[in-house]
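Please examine the sequence and the three-dimensional structure shown below. The paragraphs after them lead through the structure step by step.

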Amino acid sequence: MNYKYKNKAKAIKELTKSLREFGVHESYLESIYEREKMASFNIGYSIAIPHGTYEAIKKLNNLVIVIHHLAKPIMWDYDKVQILIGIAVKNEKQMQLLQNIAINSIDKDFYNDILKNPTLEKIEKLTKEYNE
């Protein structure tokens with residue numbers, strides 16, 4: 001938590017470094033840069049979700065999610081980002097994970113609390129299945 005990056009390029013570099021430390025296949029990490037050229041990882045709500053190409057997903061052996069909460073937001077394409085969620089997940093799990101993040105970030109009270117008072121538990125809850 002409270003990572004400090006000057007720009008998007010540095011943030012992606014450090015996030016892929018974190019994924020590498022958890023054993024994510026190198027070809028998948030390289031595909032993150034390919035994927036970024038296709039479309040922005042910025043999904044709104046101050047969240048960016050760097051992930052690799054669908055072709056590279058085939059090389060994954062395990063599920064890895066890395067979350068970096070930034071001390072201060074950085075510009076990421078058209079908007080500011082403060083939470084980076086690096087994912088290395090098989091295709092069938094990726095859609096569920098993205099849906100969980102989208103649903104949880106709609107809860108404004110919960111989401112604003114994460115930005116202002118981050119804890120590991122709150123950050124982890126962002127990726128979990130929504131339960132009322």
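**A guided reading of the model**

Lys10 and Glu14 lie four places apart in helix α1, and therefore about one helical turn separates them. An α-helix has 3.6 residues a turn, so residues three or four places apart point the same way. Helices here are DSSP runs of H or I with at least four residues, strands are DSSP runs of E with at least two, and both are numbered from the N terminus. The model is a predicted one, in which local features need pLDDT of at least 70 and side-chain atom pairs count only at pLDDT 80 or more, whereas totals for chains, interfaces and linings use all residues. Residues are numbered from 1 along each chain as its sequence is written, and side-chain values use heavy atoms, with hydrogens and water left out.

Lys10 and Glu14 are joined by a salt bridge, with their closest N and O atoms 3.2 Å apart. A salt bridge is counted when a side-chain nitrogen of Lys or Arg lies within 4 Å of a carboxyl oxygen of Asp or Glu. Lys10 is partly exposed, at 37% relative accessibility, while Glu14 is buried, with a relative accessible area of 18%. In these terms, buried means under 20% relative accessible area, exposed means over 50%, and partly exposed lies in between (1.4 Å probe, protein chains only).

How many salt bridges does the structure hold? There are seven. One of them joins the side chains of Lys8 and Asp77, at 2.7 Å from N to O. This pair connects distant parts of the chain, 69 residues apart: Lys8 belongs to helix α1 (residues 8–21), and Asp77 lies in the loop between β3 and β4. Lys8 is partly exposed, with a relative accessible area of 22%, and Asp77 is also partly exposed, at 39%. A network of salt bridges links Lys8, Glu36 and Asp77. Another salt bridge brings together the side chains of Lys58 and Glu55, at 3.2 Å from N to O. Here Lys58 is exposed at 60% relative accessibility, and Glu55 is exposed with a relative accessible area of 55%.

Four strands form an open sheet with mixed pairing, in the order β1-β2-β4-β3. Strands β1 (42–44) and β3 (64–76) are at the edges with a single partner strand each, so one side of each has no neighbour in the sheet. Two strands are said to pair if DSSP finds at least two bridges between them. Between β3 and β4 (residues 79–88) the pairing is antiparallel and extends over nine bridges. These two strands form a hairpin with two residues between them, and Asp77 in the turn has a positive phi of about 60°. Across the pair, Trp76 stands opposite Asp79 in β4, and Met75 is opposite Lys80 in β4.

Helix α6 (residues 120–127) lies across β2, β3 and β4, and runs at about 105° to β3. Such angles, from 0 to 180 degrees, are taken between the N-to-C directions of axes, which are lines fitted to C-alpha atoms, for helices over the stretch in contact. Which residues of α6 are buried? They are Ile123, Leu126 and Thr127. These residues cover an arc of only 100° around the axis and are therefore on the same side of α6; the arc is that of the directions from the helix axis to the C-beta atoms. The buried residues of α6 pack against β2, β3, β4, α4 and α5 (108–116), where contact means heavy atoms within 4.5 Å.

Is Gly52 buried or exposed? At 3% relative accessibility, Gly52 is buried. Apart from its neighbours within four places in sequence, Gly52 is in contact with Tyr28, Ser31, Ile32 and Arg35.

A search of the whole structure finds one aromatic pair. The ring centres of Tyr3 and Tyr5 are 5.8 Å apart and the planes are at 25°, so the pair is stacked. Rings of Phe, Tyr and Trp (its six-membered ring) pair if their centres lie within 6.5 Å; planes under 30 degrees apart count as stacked, over 60 as edge-to-face and the rest as tilted. Tyr3 is partly exposed, with a relative accessible area of 31%, whereas Tyr5 is buried at 11%.
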